[in-house]
Amino acid sequence: NAPFAREYARVIKEPMDLETVSSRLGSSSSSTPYYKEPADLFRDVKLIWDNAKMFNPEGHWVHEQATKMEEVFQRMWVNSKIDQRWSDIHNRRVASFLVKDSAKKNRKGSSSFDEAKKEVRDTIISYLQGKWQCKPAMFGVLTIKGTVGKYANGQGRLDGFRVLKNKSIVANWTRKDLQDSRSASHGTLQFRIAMNGNSWKGHWQMVNGSSHGVWSGVRIKNNEHVPVKKPLPVKRRVPVKKSVPVKKKKVNYKGWTPKRGSCAWMILKLMTDSYLRDETKVQKNSLVEDCVDMSAGKKSEEQVLEACKVLKNDHMILVESLRRKGRVLELSDVGRVCCEYLFNADLKKRNFNEYSIDESILNAKG
């Protein structure tokens, strides 16, 4: 799109894209790499996001995506610690350009490798005195006395301690057991000691300046590497008192009760089961059929209907009403107490309303 390209060239004076960055990174393997420092690479990638936000107005999807990608890139850059690794390899101290402007200091005529003042040096060297358990384990225990340290069972030696202005420490290391092998037998170690004085961590380099890994140490106190964690106190098991089952009180009912196995008894049994299933109303036709099935055909429908009539009219245990789907039956207040007495069922615990019972009806003996 020629008009679009002309407009882009008019607005963006220094275009940049990821393909160009990738090709420049590929040339880094040659004798004359394009990027001399990590800062050069960072500026090119940042230029991509700045151009995208400059050409596309705020609110445009390209502007929003460029902002998000810039945040992700900066977070990945900080987590990769590429500045520190590059400075370790090239033996140069480079401050990250992602720090706040307020943290930057203009130090004219001074170098980061200048040594600290004598009182600062003496204080830091005093913190180094003692025994340290090293990691990796091949270094063993490091013992520092004065400005000389011995490690690896006396085969290794640290000397030439220098404290820099940034409070990091540089020392020379040598290994007697490696002098006759192909491995480098000496190099440098640059590390920092923790504020509590109980640990330090740094990078050690070979004689050719190549970084070989992380070297750290933890102070040994009372002939112990790391203080042993005290075992947690064993909690005594408190015997749980077994709950004694509360005996259920018998319902005080002196009214009429049907004979076991009779039609009335089977009807009340089916009504109690329906109440325990939260079904307070039962269709009359289905109740009659279930009652006949319960008696295995020994009772007829006429006998069951007659028993329902007796329970409803004579003993006021059942209440019959007409609904849209037909006639339904439910237990009355007296019927609930009677069923609790007959079948030892706690119908009061169901979600029923409180009911009042006439004592004269309960004590009536038919």
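Predicted model: local features only at pLDDT ≥ 70, side-chain atom pairs only at ≥ 80, totals over all residues.
Helices H2 and H3 are roughly antiparallel to each other, a label that applies to angles over 145 degrees, because their packing angle is about 165°. H2 covers residues 18-26 and H3 covers residues 38-55, and their axes, which are lines fitted to C-alpha atoms over the stretch in contact, stand 10 Å apart. Helices here are DSSP runs of H or I with at least four residues, and strands are E runs of at least two, numbered from the N terminus.

Residues are numbered from 1 along each chain as its sequence is written, and side-chain values use heavy atoms, with hydrogens and water left out.

Coming back to the pair, the contact (heavy atoms within 4.5 Å) is made by Leu18, Val21, Arg24 and Leu25 of H2 together with Leu41, Asp44, Val45 and Ile48 of H3. Of these residues, 6 are nonpolar, none is polar and 2 are charged, where Val, Leu and Ile are among those counted as nonpolar, and Asp and Arg among those counted as charged.

Now to the sheet, which is open, has 3 strands in the order E9-E11-E10, and pairs in antiparallel fashion, pairing requiring at least two DSSP bridges. Strands E9 (282-283) and E10 (318-323) each have a single partner strand, so one side of each is left without a neighbour in the sheet. E9 is joined to E11, residues 326-331, by 2 bridges, and Gln283 has Val328 as its bridge partner in E11. Finally, helix H7, residues 263-276, lies across E9, E10 and E11, running at about 85° to E11.

Notes:
Axes fitted to C-alpha atoms, helices over the stretch in contact; angles between N-to-C directions. Parallel < 35°, antiparallel > 145°, perpendicular 65-115°, else oblique.
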